[in-house]
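Dear colleague,

Please find the structure below, together with its sequence. A summary of what was found in it comes after.

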Number of protein chains: 2
Amino acid sequence: MSDGDIVQDRAASGAAEGGGIMRFPAEAVLRLESGARVHGLEVAYKTYGQLNADKSNAVLICHALTGDQHVASPHPTTGKPGWWDKMVGPGLPLDPARYFIICSNVIGGCMGSTGPASTNPATGKTYGLAFPVITIADMVRAQVMLVEALGVERLFAAVGGSMGGMQVLQWAADYPEKLFAAVCIAAAPRHSAQNIAFHEVGRQAIMADPDWRGGDYAETGVRPEKGLAVARMAAHITYLSEPALQRKFGRELQRDGLSWGFDADFQVESYLRHQGAAFVDRFDANSYLYITRALDYFDLAAAHGGVLAQAFRRAREVRFCVFSFTSDWLYPTEESRAIVRALNAAGARTSFVEIETDKGHDAFFLEEPVLREALRGFLDSAAQARGLT
Amino acid sequence: MSDGDIVQDRAASGAAEGGGIMRFPAEAVLRLESGARVHGLEVAYKTYGQLNADKSNAVLICHALTGDQHVASPHPTTGKPGWWDKMVGPGLPLDPARYFIICSNVIGGCMGSTGPASTNPATGKTYGLAFPVITIADMVRAQVMLVEALGVERLFAAVGGSMGGMQVLQWAADYPEKLFAAVCIAAAPRHSAQNIAFHEVGRQAIMADPDWRGGDYAETGVRPEKGLAVARMAAHITYLSEPALQRKFGRELQRDGLSWGFDADFQVESYLRHQGAAFVDRFDANSYLYITRALDYFDLAAAHGGVLAQAFRRAREVRFCVFSFTSDWLYPTEESRAIVRALNAAGARTSFVEIETDKGHDAFFLEEPVLREALRGFLDSAAQARGLT
């Protein structure tokens, strides 16, 4: 494999920051759950901190649906701070001075890893819908390839929220020997009917946009931005709790009075429109289709005879910490409880923290001191057990 | 006014069924809350049963967002049974043998009442977005004109669920002297930020459809069906509870295995697609914009100094019954409680029934024996007080 694109530099913090695109040779085939194969896999990633001599301090952070590898450094398109800069950085629970932190763009994504916007080596054209459908397990398999290529045989921890939490669970099911600890935040062991329904609305919004062109928009110079924006708006509602929306916006108006028309009268309308418009600048519509599909297909118990505990039967030695938020209606606390029950039934070491907040699913990304301190406590304790200083 | 279109016939039940389109003369102007005026108002309506000699047995049923006047008779487009045939009919709580039941299409609607698909008398062309924005109060004002034209000075009751319930509350606020009883089911005294957010997603889906053409699609022969279908799909999720969706569909597949593509794999996807596709056959996209806007603008307290009880200060003599459903997350029980508190504060006669069900908002339309029997009890008691036999 080649790491010709890997750049190493110093972040403002002084901690080593690295990353680039890991290009695997054509013969290092990624076999997908569907039976399809990906040749010439590329995985875009970032690293923070340095691998210690024991190679025992590596932490993999798994990102959510619309996340990417830029966990603690500015987004190259938007210039905004890293999506988890409240948790990753000097003095924070995931401190690059202590850990070698890896975050990679999932396959199917649009920030450099192989996905529907990549060139299909078989045709020389952009994949579009010719890209095979992927699953959470496929994302994890690509991460295993990356982590091994970076010289790490066993992670100190895999950490993730939302879809990232699902990847963590999949790691625990498929590669428990490669994990010392696992942190799963605001996730679920399978997508519910309502979860699937919201994603289907988003996909239909994209596919209804004539600029989508059956997925073959890459060469047209036009992208299905309107459809993707509507998909984002619908999804965004599910990320916030009703009380948080009410507290943040209520029925506050944009201007002094009603427009008596269809402009954004209410601040919540303007906010949603902004969310939609900003999203299309940084995300690819086909990637949105593929990643939502992967989420909908996710059902960890299904591959284990329908018994979730069976998925964790080899993960007894992994130290788990599961977090949920009381006001998360996308993946409600009850889903985390199901994970915890299964982990306990499998005999795994399990901590569970339900955090009282009205911020909804997105509490994960927001300033949430209880989450930060509980995660710090869990990681510190695990690090001690692992002999990390 | 002319009632040339009114047809009288006998339904299978033997009860008189009537209705048609009430055309008001051009000089009978409907003044809207926005300040705009509608000339040549038309109101499409249905009646069941006969007005008694005292004219004391009239019941107005107010329909919900996508409802219409066909409350207990087959829909002319779909051929499906009336939308509330579980509540209106022989032996049911709203029995045409006892009551003169009126149901009219709201203004802004698309089943015959004046709305964006009507001809603008000023231009001779279809209104489209030239139709003025309407409110719940405007819908009620048109209903008052209809009811009076039918010879009814005072209703025995106004009854409605969801947006229909909001119209009932508006009747109580604006025309309490014209009401003996009022039934408000699964409604809210104002639209919340989350309610507005979902509607905005729907509107953006419609307006993103190039076939919408700024609202001027009437003469093109093509309608924004894809956008409207997406709007319906998003809204439909809010009508069902998460447990109901899970019970009804769970992760059940359409076929034996996954398609590994973007066809409808899960039954819930297929169900939603069907809901979207069926909706566009019977509903107009511009009407959807106008009626959702009316709902978003609804805030009954706002016109009364922000104090909801003030809205009901003249409705002390009206007998109210308020119903809510425990699993309704569109207009949660707490919203009904706010209505009940305000009614009590205003000194109105108020009953409140919270119905334990997992069917969500749509429990209103579904087989829900507790609702049926409680409504029967309330109406029977009120009818006795009104001297109806």
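The notes that follow treat the single chain, the relation between the copies, and the core.

Please bear in mind that this is a predicted model.

The fold of chain A contains 10 helices and 11 strands. Its radius of gyration is 21 Å, close to the 21 Å that the globule rule gives for 389 residues, so chain A is as compact as a globular protein of that length. The C-alpha trace of chain A spans about 65 × 50 × 50 Å along its principal axes. Of the 389 residues in chain A, 54% are buried. Where contacts in chain A link residues at least 6 apart in sequence, 70% of them join residues at least 24 apart.

The largest nonpolar core holds 265 residues. Which of its members touch the most others? They are Val59(A), Ala157(A) and Ala182(A), along with Val59(B), Ala157(B) and Ala182(B). For Val59(A), leaving aside its neighbours within four places in sequence, the contacts are Leu94(A), Tyr99(A), Phe100(A), Ile101(A), Ile102(A), Leu155(A), Phe156(A), Ala157(A) and Val159(A).

Yours sincerely

Key:
Residues are numbered from 1 along each chain as its sequence is written. Chains are lettered from A and ligands numbered from 1 in the order in which they are written. This is a predicted model: local features need pLDDT of at least 70, side-chain atom pairs count only at pLDDT 80 or more; totals for chains, interfaces and linings use all residues. A nonpolar core is a set of buried Ala, Val, Leu, Ile, Met, Phe, Trp, Tyr and Cys residues joined through C-beta atoms within 7 Å. A residue is buried if 20 or more other C-beta atoms lie within 10 Å of its own, exposed if 12 or fewer, and partly exposed in between; C-beta atoms are placed from the backbone. Two residues are in contact if their C-beta atoms, placed from the backbone, lie within 7 Å. Helices (H or I, at least four residues) and strands (E, at least two) are DSSP runs, numbered from the N terminus. The radius of gyration is taken over C-alpha atoms; the globule rule is 2.2 Å times the number of residues to the power 0.38.
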